[in-house]
Every structure is written in structure tokens, then in C-alpha cells.
Amino acid sequence: MKTWMRTAAATLAAVMLTACAAGCQQEEPASSGGGSSSKPSSAAAENLNPKGYDFGGETVTIASTYIKLADMVPGKNNDTDRLLDRISEVEQAFHVNVEFKEVDQGTYWDNMATTIMGGTPFGDVMEGVPWYIGGWIRAGAVRDISGLSREVGIDFHDGTWSQVTLADQTYGSAIYGFSRERDAVQVMCLYNRKLFRAAGLTDPNELIDQGKKWDFATFQDYARQLVKFDSTGEAVQWGVGTTCADMVLAGLIMSNGGEVVTQKEDGTLTLGLTDAKALAAIEVFNNMCNTDKSLISCGYKKAAEFLPSGKMGMLLCEEWVLDEYVNTYAQQNNIDRTDYGMTYFPVGPSGDDYLDPSMGGNAMFIPQTISEEAAKRALVVYAALYAPSEKLTRRQEVEMRADELFADAASAQVYADILLNWRGRCNDVCRAGIFESFQGLSDAFLAGGGTPSSMITGLAPEMQGLIDDSPYTAILKAQQEKNG
């Protein structure tokens, strides 16, 4: 998985949406600034800035590789229009200049810690991905904003901040990353209705409405019936595809109540994967890859073609893949978007409920080398830019997004339920420092590398060593030593 993000769906608002994931692909990005010149009412200014901050015309720069300045134009989508309006309101309410900055991908990811520690960070607020940000934290480049948030009166648990991101970016008592964007769905289960009907398979959302099981067994059975091979044994129709096999493997474990990484009472992490629930889920993944041969891993563009065109029964992918690739392909090829829909990630036999597994989601962070005053200004302004809409409830915002993504009410309802009922969960792979090794594990299953127990046994010492040497563990130990 490269940067599980997309090419930033339109604006910084869409940027965090995309990012979610964990991340399977690093793509080009863009940023932006500006907005409408309409003056906010005094009531609006007071709501945005109840403490009456006046930042004296200083500039707050928000930088990312996923911002696209060219997309930040009125009429692009609802998120863009609201952000453009909010930029103008924030600038006037706080007497501040808001600048979005687009940074070259290679420059950004390859030189982040060096640039920050050299005193010239790309911005006052920047975007990080789960598998990189730990190293930046360890290098001393990322600011702990736990105390600063209390100083300015920000409560990260007030229901307006991403709890998946918060959990992933909290190291003991320190908070290094945050997001006030609407969460994205990390692992959508898309399915082709035409193929389901042709195979005589009941629509998953209808199954769920009838009180029947959409679980591992049903998911496996459907995938097995949907995969088709030619006379040489080559697949000509795929049962289920994924753009991020490691996220799917972690999701199966979590959905069955197992643990990829275990957190002890003192906050330290140990490798999971060996409890009965985890092993049962891993066996399902292995069987689908090697016995049924119904699950394949493929690139975004191929997945976007195969699902809507009827060459793939189901696709497990991130929200931005549906938005930018699948729906775009359908539109360009005159495919009716009601031909495919979305259901929940299947629940394991030992699982409690449907969830949306995540690699942690992209976090915004504040560099360590800007001044305390600039850091305070940056956090306050970011919080105001992405404060809840005064015109729309959270439910309305989520439902508007659902209507943009889906052409049918059942899929939109599933999407809204996942976000409104906080079904997102972080699997701790990135925070534990085992992102690449866990990718290696999922790749080994895809390649038919052996039994689950043998592969886990072989990789376990290396993975636990990575956890013990991870930035998370080092920072936690330093905190414990400091506190005696």
C-alpha cells in the first residue's frame, strides 16, 4: 500500500477524507488558498472565534501533497464550496491570512524531518501518513499538542474530531496528530449487482435487512461462486479484489474480534495474530487466496474497471478509490451506477458487529520548530476552518456525501451508518512500526507461502522486534522514565 490516499478529492476537505487508510498508494497532490470575499456576520465571527483572537494579519499555511489548488474552485463539490466560504470567514474573524500550499510529492515525503528540523517546515499545519509520521515524531519534528489543545480549549473527544486518527496519533500522554475532517470509510465492500443476480445471490443489504448473516462464511461462499476460470485455469472473472491486501487481512482479524497488535495496561504494544480469533480470520484470508483462488490484489485502475464493468463480483477498497476511480470509470463508459453498490465489511463468527478497519487515517500535525505563538495560531485556525457547519448537522453532512458517492439509497444508508455510528477502528499496524512487515505477511499469503501458523511463527520475532524498536515504544518509555 503506498499512500492509501488518493489524489485529494477536490479540496483539503476531501484530502483528509481520502486519506484514511491507511494507505495503499502515494499519489500526486495539491493545496490552495483564497475564498469568497463575502463578509461574515458578527454572529458568525463570534461563533468561530468566541475568545476574540486577533492574529494581526499573520499567515497560517496548511501544506500537503494531497491538496490540489486547481480544484479549489466554486462549484466543484459541496465540500469545496463550504471550505472556500469558511476560509473567508476565518480570515476576517481572526484577522489572519489562510494559505494552502501544494508541495511536490518527492520533496515532501523524502525531506520532511530534515526540513522541519532545519527550521523551514513546509507549513504551520501539515499532513502526515500513518506509516511515516512515527519516524518524524521520533526525530523530534512533530509537536505534542496535548497541552496546547487544553490551553486553547479544544476537546478532541467532543464528537467533532476523528477518533480513529486521535487513537493512532496518541502516544501515552502525548497527542501528535489530529483531524477534524469528516472520516472516510477505509474498507468499502463494493459489489456488482448484475453479477450477483446472474449467480442467484441475494443482495447483501437485503440479507442484512432480513436479519440473516453477512459474515465470513457468506462472503467466502459468494466469492467462490463469482470467480470463474477458463480452460487453462486462468481467472476470467474475479470473486473479490482488493487494492490493499494488508488492510483486508487486518480487517478480517479485527472483524472476528482478534488482535493484530495488543496494547497492555501500561500502553506498551505486543504482537497479536496468535489468538484463536485472529488465526481463524487469517485462515479465511489464506483459503480465499490459495484454496478458492477467489481473492486477488490489483491496482486501483484495474479494480475500477473490473468492478463496474462486470469482471469482478466484489471490491474491497478505500472511499477515495470509489470516488475517483470507480465512479469516474462508470461515468466515462456510460455504466449505470445502480449496477453496483456498497455493503458492510463482513463480520466474523466471533465478532460483535460490523466495523470499518483502518490503518489509522491521515493526520494533520504541527511542526516542532515553529514558535509557540505560531503553533497556537495554527491549531486555533485549523480548528475554525474545519469546525462543524452552522447550517448543516453532522448527519446532513454525511448524508450529502453519501448521495454524492452512491446512486442507490441502500448503499448510502450503509455508508452513513458506518460514519454516524463511529464504526471505524484502527488496527495499530502503523503505530506499532510493523507496516512493511505486515504487508510482507499478506503478500506471502497471496503468493501461497505456507500455512498461517508457519508464516506467523517465522515472522513473529522480527515483527515483535520492530514493535520494541518503534517510535511509539521509545516515546512511551521516555514518558515513563520522566514520570518515574
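Biologist: In the chain, what percentage of the contacts with a separation of 6 or more do residues 24 or more positions apart account for?

Modeller: This is a predicted model, and the figure concerns contacts in the chain with a separation of 6 or more. Among these contacts, the share from residues 24 or more positions apart is 78%.

Biologist: Why is the chain described as being as compact as a globular protein of that length?

Modeller: The chain holds 20 helices and 16 strands. For 484 residues the globule rule gives 23 Å, and the radius of gyration is close to that value, so the chain is as compact as a globular protein of that length. The C-alpha atoms fill a box of roughly 70 × 55 × 40 Å along the principal axes. The radius of gyration itself is 22 Å.

Biologist: How many of the residues of the chain, as a percentage, count as buried?

Modeller: A residue counts as buried under 20% relative accessible area. The accessible surface of the chain comes to about 18,700 Å², with 47% of it belonging to carbon and sulfur atoms. Of the 484 residues, the buried share is 59%.

Biologist: Which strands stand at the edges of the open sheet of four strands?

Modeller: The order of the open sheet is β2-β1-β3-β15, with mixed pairing. A strand at the edge has a single partner strand, so one side of it is left without a neighbour in the sheet. The twist averages 25° from one strand to the next. The edge strands are β2 (97-102) and β15 (363-365).

Biologist: In β3, which residue is the bridge partner of Ala-63?

Modeller: Strands of a sheet pair through backbone hydrogen bonds, either parallel or antiparallel. Strand β1 (residues 59-64) and strand β3 (residues 125-128) pair in the parallel sense, over two bridges. In β3, the partner of Ala-63 is Met-126.

Biologist: Which helix lies across β1, β2, β3 and β15?

Modeller: The helix in question runs at about 70° to β1. It spans residues 372-385 and is α15.

Biologist: Which residues of β6 point the other way from Met-188, Leu-190 and Asn-192?

Modeller: In a regular strand the side chains alternate between the two faces of the sheet. Strand β6 (residues 188-192) is mostly covered, with five of its five residues buried. Met-188, Leu-190 and Asn-192 point one way, and the residues that point the other way are Cys-189 and Tyr-191.

Biologist: Which residue of β13 stands opposite Tyr-191?

Modeller: β6 pairs in the antiparallel sense with strand β12 (residues 312-317) over four bridges, where the partner of Cys-189 is Leu-316. β6 also pairs with strand β13 (residues 340-343) in the antiparallel sense over four bridges. In β13, Leu-190 has Met-342 as its bridge partner. Opposite Tyr-191 stands Gly-341.

Biologist: Is Arg-86 buried or exposed?

Modeller: Arg-86 has its place in helix α3 (residues 78-94). Beyond residues up to four places away in sequence, Arg-86 touches Leu-48, Ala-384, Leu-385, Ala-387, Pro-388, Ser-389 and Glu-390. Its relative accessible area is 10%, and a residue under 20% counts as buried. Arg-86 is therefore buried.

Biologist: What is the relative accessibility of Gln-220?

Modeller: Gln-220 lies in helix α10 (residues 216-226). Leaving aside neighbours within four places in sequence, Gln-220 is in contact with Val-284, Asn-287, Met-288 and Asp-292. Gln-220 counts as buried, at a relative accessibility of 13%.

Technical notes. Residues are numbered from 1 along each chain as its sequence is written. This is a predicted model: local features need pLDDT of at least 70, side-chain atom pairs count only at pLDDT 80 or more; totals for chains, interfaces and linings use all residues. Side-chain values use heavy atoms; hydrogens and water are left out. Two strands pair if DSSP finds at least two bridges between them. Axes are lines fitted to C-alpha atoms, for helices over the stretch in contact, and angles run from 0 to 180 degrees between N-to-C directions. Contact means heavy atoms within 4.5 Å. The radius of gyration is taken over C-alpha atoms; the globule rule is 2.2 Å times the number of residues to the power 0.38. Buried means under 20% relative accessible area, exposed over 50%, partly exposed in between (1.4 Å probe, protein chains only). Accessible areas come from the Shrake-Rupley method with a 1.4 Å probe; for residues, only the protein chains shown count as cover.
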